[in-house]
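Q: I am new to this structure. Please show me how to read its main features, one at a time.

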Amino acid sequence: MSGEIAVGPPLIVGDDALSLQAPTMRQRLGKLGTLARQNPLGVLGLLIIILFTLAAIFAPWIAPFTPNHLSRETDASISSAHLFGTERVGRDIFSRVVYGSRISLSVALISVVGGASIGTLLGILSGYAGGAFDSLIQRAVDTAIAFPPLLLLLIITLALGPSFRTIVFALMLAVIPGVTRIVRGAVLSEKNNQYVEAARAGGAWMPRILLRHILPNVVALAIIVMTTLLGGIILAEAALSFLGLGIPNAASWGRDVSDARNNFPYHLESAIFPGAAITLTVLGFNLLGDSIRDIADPRLRGSR
Amino acid sequence: MQTFILRRLLSGFAILVVLSVAVFALLRIVPGDPAIRICQLNCRAEQLDAIHEQLGLNKPYFPISVDLKSPKFVTFNKDSQYGSYAKGVVTFDLGTSNVDHKPVFPTLRKRLPVTLELMILTLIFTIIVGIPFGVVSAIYRNSIPDYFVRITAIFGLAVPVFWVATLVLIIPNELWSYAPPLGRYVRLTDDPWLNFKQMAPPSAVLALGSAAGIMRLMRSSLLEVLRQDYMRTARAKGLRERSVIISHGLKNSLIPVITVLGLQIAGLLGGALIIEEIFTLPGLGDYTFKALANKDFDVVQSMTLYAGATVVVVNLIVDISYAWLDPRIRYS
């Protein structure tokens, strides 16, 4: 790129935009290829996510041991039998890292998709309805935002007792306010468009306007926000596990780091690998999220 | 401006009331009776009742209770748990901890300086790392320093605070058998240097994420300003490049940076919870965490209120600082 102003290559290649036929499979793949070449970091992020997703799905085939298998060697270093060594009671660190991806990814995915869906719904209703309902929702969002997220998570998990369901519920609550506010903003600018007015003038039923005219225009935004939130949610789940409020009896990266800190004398491998797995996963989601945001909103390009 | 501040203070107050009611209600769903924790084993029913009486746990929860089954739906309770709690907050009586049986307010005052120092040091680290590196990255765009800053920022946003903190404790210990002087907290006024040695590593670790965020934001914000017309005007006037960047570029690009610094406070307060645990600092985060683990109602209640109040006040300060940074912004 030269010059001060970043002019990204156009997203729709000229000829395609003019042709009236739907793009063929090959053209679509070509476009994807162009996108990929323009966003090498996004591709890297996607590859990291795919790697961890595969590890989560095929954990029993990839991991040489079960996560709680006790080997006779304790605090072992890296070796061919134990790729990442073993920890204090002899559990294989590599196997635990592989199994740990199941918890991390499933918790994050479920809570972000669930929270973002609820947030989108609230945002659409709040933005479209306006009036008392809107102020009610917005004041609730204000309150939720004026609150350290980790403290909220801790209170909820302690109140309801740590379990898969509680943690997903608490993380969902953490996702909802931000998404609600962003979607509401988009709806406010969307609802004054002429096609919405036309639909209203044509006597369309309100749910129809919301579903047919508003929702499709904010869904892309919601998906972008979702991808950018995933990394943070993985970090939050790991922090909960680290503080001993994770899912009981599950192999979780956060808890393994906590164990490594509490076992003295220290064992480096036990601390490094689970934490590195968290970092790498979050990195993957952040890189992908940034790229998707840049592609969807070229004005933000260069803000990385 | 004054009306603006007044209105914001009022809405902030409303937010805190809602927050306290929500936390109050949430804490009452917690299974487990604090009375059982107090008299521990062999607790007879009369003893439990006595403790309930003493702690006021036999009173109704809120001043207004709604019962759909009774003939009159709404009853007003003159004496309620929330009522006496709210009365206490106004008179700086935040109740008593169920764990050490000491009143909350003096403990809060004793522990606040630790967390305050942690927060201030973290903000200083965030600013002195985030802003200059972000500026350099924007001015020398697509150069090697720029790539270095961007990659560092990407990593800074991805590493978990508790992992870095753990490594900061473990790695020096493994390699050089060095342990930071933790364990017994030394006050700033007693031994400033030893205090700094205790406080610097936790603040630096906590600042990692926020500094990375500020670096990225500073970069993009300055890049945005650099392509504005008034920058060209300033150069055309014959100003030196340095004063163009500093007085025209930097000042205008700081607004989003300050907003985000304000927003980061909430996250940092949460991070302090973990950091104080790991580095065994006797601050408010540590107090909150122990109170949560022990279902210490009065303490958790007060600490959430303190956290919420901090966030509200910081946001107000951020909004006021806009007017100073950009005279075009006026509040009415």
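Q: What share of the 332 residues of chain B count as buried?
A: A residue is buried if 20 or more other C-beta atoms, placed from the backbone, lie within 10 Å of its own; it is exposed at 12 or fewer and partly exposed in between. In chain B, 35% of the 332 residues count as buried. This is a predicted model: local features need pLDDT of at least 70 and side-chain atom pairs pLDDT 80 or more, while totals for chains, interfaces and linings use all residues. Residues are numbered from 1 along each chain as its sequence is written, with chains lettered from A and ligands numbered from 1 in the order in which they are written.

Q: How many helices and strands does chain B have?
A: Helices (H or I, at least four residues) and strands (E, at least two) are DSSP runs, numbered from the N terminus. Chain B has 12 helices and two strands. From the N terminus on, they run α-α-α-β-β-α-α-α-α-α-α-α-α-α. The C-alpha trace of chain B spans about 85 × 60 × 35 Å along its principal axes.

Q: How do I read a pair of packed helices?
A: Two packed helices are described by the angle between their axes and the distance between the axes. Take α5 (residues 104-139) and α6 (residues 144-158) of chain B: the angle is about 135 degrees, and the axes are 8 Å apart. So α5(B) is oblique to α6(B); angles under 35 degrees count as roughly parallel, over 145 as roughly antiparallel, 65 to 115 as roughly perpendicular and the rest as oblique.

Q: Which residues make the contact?
A: Two residues are in contact if their C-beta atoms, placed from the backbone, lie within 7 Å. From α5(B) come B:F133, B:V136 and B:S137; from α6(B) come B:P145, B:D146, B:V149 and B:R150.

Q: How many residues of chain A are in contact with chain B?
A: On chain A there are 36, and they touch 42 residues of chain B. Helix α12(A) gives the largest share of the chain A side, eight residues.

Q: Is α11 of chain A mostly covered or mostly open, and what does it pack against?
A: Mostly covered: eight of the 10 residues of α11(A) (253-262) are buried. Among them are A:W253, A:G254 and A:R261. The buried residues pack against α5, α10 and α12 of chain A, together with α7 and α10 of chain B.

Q: What is A:L171 in contact with?
A: Leaving aside neighbours within four places in sequence, A:L171 is in contact with residues including A:V107, A:I233 and A:A236.

Methods. Axes fitted to C-alpha atoms, helices over the stretch in contact; angles between N-to-C directions.
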